[in-house]
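User: Hi! Could you walk me through this model?
Analyst: Happy to, here it is.
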Amino acid sequence: AAGTQEPAAPAPSSAAGPAPVAAPSGAPSGAPRPAASASTGSGKTTVKPSAGAKATGSAAPSAGARTPSASASASPSADPNCLVPLKGLSAGDKPDNPILVPDQNWTLQTSRLTLNHAVLMGVVKVQTPTGTKRVLKFVVDSVDIENLDMSTLEGNGKTFHVKGAPGSVSTMRKGPVTMYVERMSGHLSKVLGLPVPIDLGELTLTPDGPLPQWLYDLIGKLEIPLWLEMTGVTAVQSGQFGGTLKIPGMRLYNDDTPYVGNL
């Protein structure tokens, strides 16, 4: 496509942040990178094409390593879709992440995202090289990602992409996978074992909310497993730990499209 160019040869990143994959020269360490330069440090998730080669990452932090920092205290509501702000929830005194996450976030776009045995651990802080961020913490056993497109902003203003083949389903296995989410939006299509109104429309999750009452009520409870499926998903993340990621037909490229994680 016009404006598309091959990424420059990767160079070691200066940041110590746990990236889902390693980044090309000039890109922040939280960006997706070609597998040839993928870091294999503790807790990091790396990525490779799926044709006989899988990316591997070491074990993720345990779901029980940190308890949620706040309990839901809103009055019971007859409307489970009533919106509740999260700004009052404490993120805790200490950062949750075992190693630094980069200042530059990265974004996953997918036509369908399935989180199997997902536990919402509440609002936490993560440490970056220059400060901290409030994020939502999820711990998930496995993930299915339809039409995967991971991207981040490069230092030269280009958007760097790691993309799966059209119509493919990328998978993350050998969890748990810990996700530090700045923002996740999409249409909730399935929830196993939890009654949800069918007319929710687009749902947006952020550490400052607001969240629907039924989801807010889960924050502060330990290890409440949910099987969630969302469509039309955009997930902006500070970092991700653990798991084995397999991307069928993986492509790496730069383009001039605006980076959605900063919009």
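Analyst: One term before we start: two strands pair if DSSP finds at least two bridges between them. Strands are DSSP runs of E with at least two residues, helices are runs of H or I with at least four, and both are numbered from the N terminus. This is a predicted model, where local features need pLDDT of at least 70, side-chain atom pairs count only at pLDDT 80 or more, and totals for chains, interfaces and linings use all residues. Residues are numbered from 1 along each chain as its sequence is written, and side-chain values use heavy atoms, with hydrogens and water left out.

User: Which strand pairs with strand 4 over 14 bridges?
Analyst: That is strand 3 (residues 106-127), in the antiparallel sense. A hairpin through four residues joins strand 3 to strand 4, and Q127 has T132 in strand 4 as its bridge partner. Strand 4 also runs antiparallel to strand 7 (residues 169-173), with four bridges; there, I145 stands opposite S170 of strand 7.

User: And why is strand 4 largely enclosed?
Analyst: Eleven of the 15 residues of strand 4 (residues 132-146) are buried, so the rest of the structure largely encloses that strand. Buried means under 20% relative accessible area, exposed is over 50%, and partly exposed is in between (1.4 Å probe, protein chains only).

User: New topic: S238. Buried or exposed?
Analyst: S238 is buried, with a relative accessible area of 0%. This serine belongs to strand 11 (residues 226-241).

User: What does the S238 side chain make a polar contact with?
Analyst: The side chain of E182, at 2.5 Å. A polar contact is a pair of N or O atoms within 3.5 Å; within protein, one must be able to donate a hydrogen and the other to accept it, and residues adjacent in sequence count only if both atoms are side-chain atoms.

User: What lines the largest one?
Analyst: It has 13 lining residues, with W106, L108, I145, M172 and Q240 nearest its centre. Strand 3 gives the largest share, three residues.

Conventions:
1 Å grid on protein atoms, 1.4 Å probe; cavity = no way out; pocket = protein on both sides within 12 Å on 5 of 7 lines; lining within 4 Å.
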